[in-house]
Amino acid sequence: FLPENFQYHIQKWFSRLPNYFIQHMHITFEEYNNNNGRTNEAYTCIKNYLGAKSIKKAAYLKADKSRNSKSLQFTLDEGDEVIDEFQNVKIKWVAYQETVKESGHGSGRNSMPFEKRSFVLKAHSRYRDLVMEDYLNHVMKEGKSIQFQNRKRRLYTNNKDEDCYWKGGRWSYINFQHPASFDTLGMDPLKKEEILDDLDSFKTGKDYYKKIGKAWKRGYLLYGPPGSGKSTMIAAIAKYLDYDIYDLELTSVRENAELKQLLIETSNKSMIVIEDIDCSLDLTGARKNDKKESGDEKDGEDNNKKQSSETEEDKNRSKVTLSGLLNFIDGIWSACGEERVIVFTTNQVEKLDPALIRRGRMDMHIEMSYCKFEAFKILAKNYLDIDSHPLFGEIRQLLEENEVSACDVAENLMPRRKWRDDHVEICLLKLIEAIKNQQHKKGKKEQKEEEVQEQERSTKFE
Ligand SMILES: Nc1ncnc2c1ncn2[C@@H]1O[C@H](COP(=O)(O)OP(=O)(O)OP(=O)(O)O)[C@@H](O)[C@H]1O
């Protein structure tokens with residue numbers, strides 16, 4: 001029969017009563033920050049942490065699922081409590097909720113009633129130091145990692161796109177679920193192993209990077225002919241590391257300052273990708289022209305200064321310079337986040353400026369080449385679900401002297417008549433024919449080249 005607010009205060013007073021006899025400490029974590037009305041990050045971490053802890057213990061739980069989470073999230077229900085144990089110390093958590101009708105709350109709710117939620121930690125004062133430092137650090141770390149694991153991965157773009165969500169800033173995004181993984185990626189198993197080892201040591205290298213005083217980031221250059229799986233590799237790396245991808249379209253970036261802003265707005269644990277970097281901007285050309293015209297050998301000379309009469313088209317063109325890009329990768333601003341992977345892809349590695357891809361900037365250069373037999377076997381497993389077949393012998397022989405692009409294999413192994421019993425054989429025969437045709441074409445090309453050289457030699461002699 002008592003008003004709700006009154007009940008709440010009586011309950012709170014009663015719960016504090018034992019503390020006059022037993023020395024307990026209480027810490028309250030409210031959902032919103034009192035100063036600016038923003039969500040209290042500590043509250044969110046505790047909510048995730050307790051949700052995971054209380055699934056097995058708590059009598060009452062609340063479940064919800066947001067658009068950005070992979071699965072249901074559980075949390076303690078109002079008034080319920082859970083006992084956690086840390087280094088043999090028992091710590092009690094209670095979830096509170098009250099309806100507040102005050103005006104002028106920091107979050108701009110004016111006089112509208114709103115639910116004020118909080119978690120209260122209770123522990124014996126004897127363990128004050130342990131709780132305040134080790135335990136709360138542990139809760140924050142675990143809570144963050146639960147939230148990270150339960151989120152849907154995102155693909156961000158700096159091109160304003162109507163199909164993407166935009167939450168302010170320069171990037172918009174869509175949820176990203178690419179089926180490619182290292183298991184389905186057709187490439188030499190030894191090379192794959194080497195890349196996985198490198199990713200593992202990067203992922204667990206926090207202390208190492210700290211020790212050597214280097215920003216916790218790593219650059220990968222993926223180069224190789226079209227259709228050799230560079231984009232597929234990016235999706236596989238992102239899935240393996242469980243990172244978001246920031247797909248940076250350089251031609252849409254107007255100037256170096258904007259590039260810096262874009263970098264600042266990327267989150268930790270993410271991959272920044274620039275695809276086909278050789279086609280993005282004439283970065284090599286810009287530097288060479290600079291050298292020729294100004295005689296200045298220094299990295300980072302801005303080539304825009306010398307353009308005196310700018311046309312309208314010139315004005316709209318990206319003014320990002322090689323120097324801007326180099327700073328983006330490993331300038332002082334690049335250290336403003338951690339656990340970042342930068343990936344460049346290119347079909348023509350020889351066109352790139354050596355400074356852009358030198359070791360240290362692009363730490364690992366990965367050649368995505370045509371398929372040999374081992375890579376073919378992985379693709380056969382993906383497309384036809386087979387580990388071996390009598391025709392594999394012939395394919396092995398052919399691939400000893402030849403190579404085939406992964407997208408050609410994919411094209412030929414994609415079963416179009418799966419209802420027939422012999423669809424596997426048909427696909428493999430098609431592939432054999434494609435490799436032989438390629439071999440034939442290659443032979444003809446080489447013969448023609450030899451004839452041209454021979455002709456040149458005889459004309460010279462004459
Ligand atoms: N190594 C590979 N393993 C598995 N699938 C591959 C591989 N290479 C290519 N593919 C398949 O071929 C198609 C094209 O591959 P992808 O786009 O990754 O190549 P790319 O090297 O990025 O090409 P481009 O240089 O033209 O952008 C994809 O649909 C993918 O399924």
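Arginine 420 lies in the loop between α15 and α16 (423-461). Its C-alpha atom is separated by 62 Å from that of phenylalanine 461, 41 residues along the chain.

A word on the model itself: it is predicted, so local features need pLDDT of at least 70 and side-chain atom pairs count only at pLDDT 80 or more, while totals for chains, interfaces and linings use all residues. Residues are numbered from 1 along each chain as its sequence is written.

## The whole chain

The protein chain holds 16 helices and 14 strands. These are DSSP runs numbered from the N terminus: helices are H or I with at least four residues, and strands are E with at least two. Of the 462 residues in the protein chain, 24% are buried.

What are the domains of the protein chain? They are domain 1 (4-150), domain 2 (154-367) and domain 3 (373-461), with bounds from an automatic or database domain assignment. Nine residues from domain 2 and nine residues from domain 3 make the contact, where two residues are in contact if their C-beta atoms, placed from the backbone, lie within 7 Å. The side of domain 2 that touches domain 3 has three nonpolar, five polar and one charged residue. In this scheme Ala, Val, Leu, Ile, Met, Phe, Trp, Tyr, Cys and Pro are nonpolar, Asp, Glu, Lys and Arg are charged, and the others, Gly among them, are polar.

## Around the ligand

Where does the ligand lie? Domain 2 and domain 3 both give residues to its shell, so the ligand lies between them. In total, 17 residues surround the ligand, and the closest are Gly186, Pro226, Gly229, Thr232 and Ala406. A residue is near a molecule if its C-beta atom, placed from the backbone, lies within 6 Å of it. The elements giving two or more residues to this shell are α6 (230-241) and α15 (406-413). By type, the shell has eight nonpolar residues, eight polar and one charged.

## Two crossing helices

Helix α2 (residues 41-54) packs against helix α3 (residues 128-150) at an angle of about 80°, with their axes 8 Å apart. Axes are lines fitted to C-alpha atoms, for helices over the stretch in contact, and angles run from 0 to 180 degrees between N-to-C directions. That makes α2 roughly perpendicular to α3, a label for angles of 65 to 115 degrees; under 35 is roughly parallel, over 145 roughly antiparallel, and the rest oblique.

Terms used. Buried ≥ 20, exposed ≤ 12 C-beta atoms within 10 Å, placed from the backbone.
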